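Here is a friendly walk through a fold, its core and its charged pairs. Have the viewer open as you read.

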Amino acid sequence: DTFNTAASSENIDISNDESETSYLGKLEYSLCYRTQKEELKIQIVEISGYLSNADGITDLFVKLQFLPDIGKRIETKPHRIIDTKSEIGEAFTVKDLSVANKQDKTLIFHIYATDRKVRFDLIGELRVDLNTLDHDKVTRAVKGFTVPTLIEENSIKEKKIKVYN
């Protein structure tokens with residue numbers, strides 16, 4: 001079953017982050033938590049506004065992570081930057097995520113860049129508290145990503161989450 005962002009307007013919340021904060025670029029995404037199926041649908045639409053510099057960065061990709069209790073990491077394929085945009089267009093479904101378990105989770109979008117010299121380089125992140133999501137409603141957003149914060153390795157616990165894309 002595909003991720004449908006063409007739901008009726010009463011089921012879609014669109015937000016655009018236009019604050020004064022300095023961002024490295026913007027990430028457009030959609031999220032929908034389905035209560036009866038206990039699943040989170042994630043669609044990564046595009047990264048825009050990232051100005052690659054003289055480092056030769058040509059591709060961007062996104063890794064998803066849940067905190068606390070990191071599960072299997074989800075990763076998009078690298079996508080070429082064209083006119084400061086990188087169209088991602090990939091969707092994922094995280095299964096077996098109960099309402100109670102969702103309430104204390106943060107979804108982190110890690111944005112990576114690749115070039116011909118370095119395999120990949122973490123350039124930014126965007127955090128979304130899952131307890132802010134309305135149930136059974138598609139939330140589409142365009143938000144700025146910032147310099148990533150460091151996560152202590154010893155505070156990370158592996159947890160298996162079923163992921164289908």
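A residue counts as buried when its relative accessible area is under 20%, as exposed when that area is over 50%, and as partly exposed in between. By this cut-off Glu46 is buried, because its relative accessible area is 13%. Keep in mind that the model is a predicted one.

**Overall fold**

The chain contains one helix and 11 strands. Read from the N terminus, the order of elements is β-β-β-β-β-β-β-α-β-β-β-β. Of the 165 residues in the chain, 42% are buried. The accessible surface comes to about 9500 Å², and carbon and sulfur atoms account for 46% of it. Among contacts between residues at least 6 apart in sequence, 68% join residues at least 24 apart.

In soluble globular proteins, nonpolar side chains tend to be buried together. Here, the largest nonpolar core holds 30 residues, and those with the most contacts inside it are Leu27, Leu40, Ile42, Ile44, Leu64 and Phe109. Two or more core residues come from each of strands S2 (25–34), S3 (39–48), S4 (59–67), S7 (85–94), S8 (106–114), S9 (121–129) and S10 (138–145).

Which residues does Ile44 touch, not counting those up to four places away in sequence? Its contacts include Leu27, Tyr29, Val62, Leu64, Ile88, Phe92 and Phe109. Glu28, Thr76, Gly89 and Glu90 are also among the residues touched by Ile44.

**Charged pairs**

Side chains of opposite charge can pair when their charged atoms come close. A search of the whole structure finds eight salt bridges, and the table shows some of them.

| Glu39 | Arg34 | 3.7 Å |

Glu46 is buried at 13% relative accessible area, whereas Lys85 is partly exposed at 40%.

Note on methods. Residues are numbered from 1 along each chain as its sequence is written. This is a predicted model: local features need pLDDT of at least 70, side-chain atom pairs count only at pLDDT 80 or more; totals for chains, interfaces and linings use all residues. Side-chain values use heavy atoms; hydrogens and water are left out. A nonpolar core is a set of buried Ala, Val, Leu, Ile, Met, Phe, Trp, Tyr and Cys residues joined through side-chain atoms within 4.5 Å. Buried means under 20% relative accessible area, exposed over 50%, partly exposed in between (1.4 Å probe, protein chains only). Helices (H or I, at least four residues) and strands (E, at least two) are DSSP runs, numbered from the N terminus. Contact means heavy atoms within 4.5 Å. Accessible areas come from the Shrake-Rupley method with a 1.4 Å probe; for residues, only the protein chains shown count as cover. A salt bridge is a side-chain nitrogen of Lys or Arg within 4 Å of a carboxyl oxygen of Asp or Glu.
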